[in-house]
Amino acid sequence: MKLGIVTYQIAKDWDVPTLIDMCHTTGIQGVELRTTHAHGVEIALSSAERSAVRRRFEDAEVDIVGLGSIYEYHDADPETVRRNIDGTVEYARLAADLGCSGVKVRPNALQTDKGIPEEETLEQIGRALGECGEATVDLGVQIRVEVHGRDTCEPRRMRTIIDHAGHDNVYICWNCNPQDVVDGSVRSGFDLLKHKIGLVHINELHKSEYPWRELFGLLQAEGYDGYTLAEIPDSPEPERLLRYYKALWGALVA
């Protein structure tokens with residue numbers, strides 16, 4: 001497995017040169033670039049600008065692991081869902097131009113407070129994901145749905161979503177939520193989703209509430225050799241934090 005970072009928090013204020021320099025300094029191998037942040041890797045980039053970003057990362061030998069979007073498909077308004085599907089496909093075109101292999105999307109809520117049955121929303125999310133997966137497969141860009149949302153993050157609900165998606169190009173981004181842990185173990189939820197895990201977000205490795213050694217062991221047993229991406233808070237000493245984080249990660253995956 002490889003270690004990278006999600007730019008959502010710790011790197012939200014870094015431009016591309018700073019991001020690359022910090023990866024080199026700390027031995028971080030790759031990044032998931034979160035939309036709306038200071039590095040400015042967005043759909044609005046021209047073809048020439050996209051090529052320049054791609055070359056910069058390739059020359060530096062830092063992987064763009066994926067793009068982190070905020071597209072979601074649970075809304076009760078069909079037009080809102082359609083905009084999110086269309087936006088996902090456009091974002092996947094950006095990912096293809098940058099030479100990265102995936103786009104992160106998410107569910108974020110149920111709509112039971114509006115009288116819409118849970119199953120109906122889960123099916124809606126899944127079908128939207130399936131449409132995104134079909135539209136982006138020829139781009140060589142995976143749709144990676146994060147295990148996310150107050151209610152939708154439960155592995156059993158995510159399994160329902162994935163089953164409704166029914167597409168080989170739709171993958172799970174395991175997110176290391178407290179809801180994963182049952183009697184001190186993540187195995188039950190992991191077993192529901194392990195066949196679809198294409199990316200892993202990790203967080204506070206020093207906290208013992210999450211069974212990190214078990215998770216990494218389960219991933220290794222499945223032959224997972226992709227990225228585990230640190231989604232961690234910003235720090236006034238980011239280099240020191242990332243060096244410490246990398247050392248702790250190395251000890252836990254050994």
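# Close-up views of the predicted model

**Figure 1. Surroundings of Trp174.** Apart from residues within four places of it in sequence, Trp174 is in contact with Val147, Asp180, Val186, Gly189, Phe190, Leu193, Ile197, Leu199, Val200, His201, Tyr210 and Leu215. The model shown here and in the following views is predicted. Trp174 also belongs to the largest nonpolar core, where Trp174 is one of the residues that touch the most other members.

**Figure 2. The largest nonpolar core.** This core comprises 79 residues. Those touching the most other members are Ile5, Phe57, Leu67, Leu129, Trp174 and Ile202. Helix H3, which spans residues 78-98, makes the greatest contribution to the core, supplying seven residues. In soluble globular proteins, nonpolar side chains tend to be buried together.

**Figure 3. The crossing of helices H2 and H3.** Helix H2 covers residues 47-60, and the axes of H2 and H3 come within 8 Å of each other. The two axes cross at roughly 50°, and the helices are therefore oblique to each other. On the H2 side, the contact involves Arg50, Val53 and Arg54; on the H3 side, Arg93, Leu94, Ala96, Asp97 and Leu98 take part. The residues of this contact comprise four nonpolar and four charged residues, with no polar ones.

**Figure 4. Cysteines without disulfides.** The structure holds zero disulfides. For Cys100, which is in no disulfide, the nearest cysteine sulfur is that of Cys173, 14 Å away. Cys100 has a relative accessibility of 4% and therefore counts as buried. The cysteine sulfur closest to that of Cys173 lies in Cys176, at 8.8 Å, which is too far for a bond, because a disulfide requires sulfur atoms within 2.5 Å. Cys173 is likewise classed as buried, at 0% relative accessibility.

**Figure 5. The loop between strand S6 and helix H6.** Strand S6 covers residues 170-174 and helix H6 covers residues 187-193, with Pro178 in the loop between them. Cys176 and Asp183 are found in this loop as well. Cys176 is buried, with a relative accessible area of 4%, whereas Pro178 is exposed at 66% and Asp183 is exposed at 78%. Cys176 has a positive phi of about 55°, although this residue is not a glycine. Asp183, also a residue other than glycine, has a positive phi near 55°. Most residues other than glycine have a negative phi. Pro178 and Glu154 are 24 residues apart in sequence, and their C-alpha atoms are 9.5 Å apart in space.

**Figure 6. Ala38 in the loop between strand S2 and helix H2.** Ala38 is located in the loop that joins strand S2 (30-34) to H2. Its relative accessibility of 43% places Ala38 among the partly exposed residues. When neighbours within four places in sequence are left aside, Ala38 is in contact with Lys12, Asp13, Trp14 and Asp15. Arg213 is 175 residues from Ala38 along the chain, and a distance of 34 Å separates the C-alpha atoms of the two residues.

Figure 7. Leu139 is partly exposed, with a relative accessible area of 32%. Not counting residues up to four places away in sequence, Leu139 touches Ala92, Arg93 and Ala96. Among these, Arg93 and Ala96 also take part in the contact of H3 with H2. Leu139 and Asp97 are 42 residues apart in sequence, and the distance between their C-alpha atoms is 9.2 Å.

**Figure 8. Ala251 in helix H8.** Helix H8 spans residues 238-253 and includes Ala251. Ala251 has a relative accessible area of 41% and is partly exposed. The C-alpha atoms of Ala251 and Ala165 are separated by 36 Å, and the two residues lie 86 residues apart along the chain.

Terms used: Residues are numbered from 1 along each chain as its sequence is written. This is a predicted model: local features need pLDDT of at least 70, side-chain atom pairs count only at pLDDT 80 or more; totals for chains, interfaces and linings use all residues. Side-chain values use heavy atoms; hydrogens and water are left out. A nonpolar core is a set of buried Ala, Val, Leu, Ile, Met, Phe, Trp, Tyr and Cys residues joined through side-chain atoms within 4.5 Å. Buried means under 20% relative accessible area, exposed over 50%, partly exposed in between (1.4 Å probe, protein chains only). Helices (H or I, at least four residues) and strands (E, at least two) are DSSP runs, numbered from the N terminus. Contact means heavy atoms within 4.5 Å. Axes are lines fitted to C-alpha atoms, for helices over the stretch in contact, and angles run from 0 to 180 degrees between N-to-C directions. Angles under 35 degrees count as roughly parallel, over 145 as roughly antiparallel, 65 to 115 as roughly perpendicular and the rest as oblique. Ala, Val, Leu, Ile, Met, Phe, Trp, Tyr, Cys and Pro count as nonpolar, Asp, Glu, Lys and Arg as charged, and the others, Gly among them, as polar.
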